[in-house]
Amino acid sequence: MYILNGIVYGEEVMNVFRVIAVKPLKDRIMLLTFSNGETRLFDATILEGEVFEPLKNENIFRNPSIEHGVVTWLDGDIDCAPEYMYKNSYAYTSMMA
């Protein structure tokens, strides 16, 4: 347990991540760059539930924005915590030399 900004969290201390760049790819995969400098692949098909249903529409999925380090869609109606995206993503190394 830890306290951050006056809020008590029941988990272990996590690094604070912010998304600084996002690029949607095919099949609801996203290339994310985080504030720690890492670029990672995130499979957005794991986002389940009614709130994420609009992301199945390719036009909506392919138009994310970043608000205060958080990936959002539809003017902020849909968002995903950067910590969740980091934890559930995979390291990516560019193929370009």
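**Entry 1: sheet.** I began at proline 24, which stands opposite methionine 30 in strand 4. I worked on a predicted model, in which local features need pLDDT of at least 70, side-chain atom pairs count only at pLDDT 80 or more, and totals for chains, interfaces and linings use all residues. Residues are numbered from 1 along each chain as its sequence is written, and side-chain values use heavy atoms, with hydrogens and water left out.

I took helices (H or I, at least four residues) and strands (E, at least two) as DSSP runs numbered from the N terminus. Strands pair if DSSP finds at least two bridges between them. Strand 3 and strand 4 run antiparallel and are joined by five bridges. I then traced the open sheet of four strands and found the order 3-4-5-9, with antiparallel pairing. Its edge strands, each pairing on one side only, are strand 3 (19-24) and strand 9 (89-91).

**Entry 2: whole chain.** I listed two helices and nine strands. Along the sequence I read the pattern β-β-β-β-β-α-β-β-β-α-β. For burial I used relative accessible area (buried under 20%, exposed over 50%, partly exposed in between; 1.4 Å probe, protein chains only). Of the 97 residues, 28% count as buried. For contacts I used heavy atoms within 4.5 Å. Among contacts between residues at least 6 apart in sequence, 43% join residues at least 24 apart.

**Entry 3: nonpolar core.** I defined a core as buried Ala, Val, Leu, Ile, Met, Phe, Trp, Tyr and Cys residues joined through side-chain atoms within 4.5 Å. The largest has 17 residues, and Met30, Leu32 and Met85 have the most contacts inside it. Two or more residues each come from strand 4 (29-34), strand 7 (70-73), strand 8 (78-80) and helix 2 (82-87). Strand 4 gives the most, with three residues.

**Entry 4: rings.** I paired rings of Phe, Tyr and Trp (its six-membered ring) with centres within 6.5 Å, calling planes under 30 degrees apart stacked, over 60 edge-to-face and the rest tilted. I counted five aromatic pairs. Phenylalanine 17 and tyrosine 86 have ring centres 3.9 Å apart and planes at 15 degrees, so this pair is stacked. Phenylalanine 17 lies in the loop between strand 2 (7-9) and strand 3, and tyrosine 86 in helix 2, so the pair ties together parts 69 residues apart in sequence. Phenylalanine 34 and tyrosine 86 have centres 5.1 Å apart and planes at 90 degrees, so this pair is edge-to-face. That pair links strand 4 to helix 2, its residues being 52 apart. Phenylalanine 34 counts as buried at 0% relative accessibility, and tyrosine 86 at 17%. I noted that ring pairs link Phe17, Phe34 and Tyr86 into a cluster.
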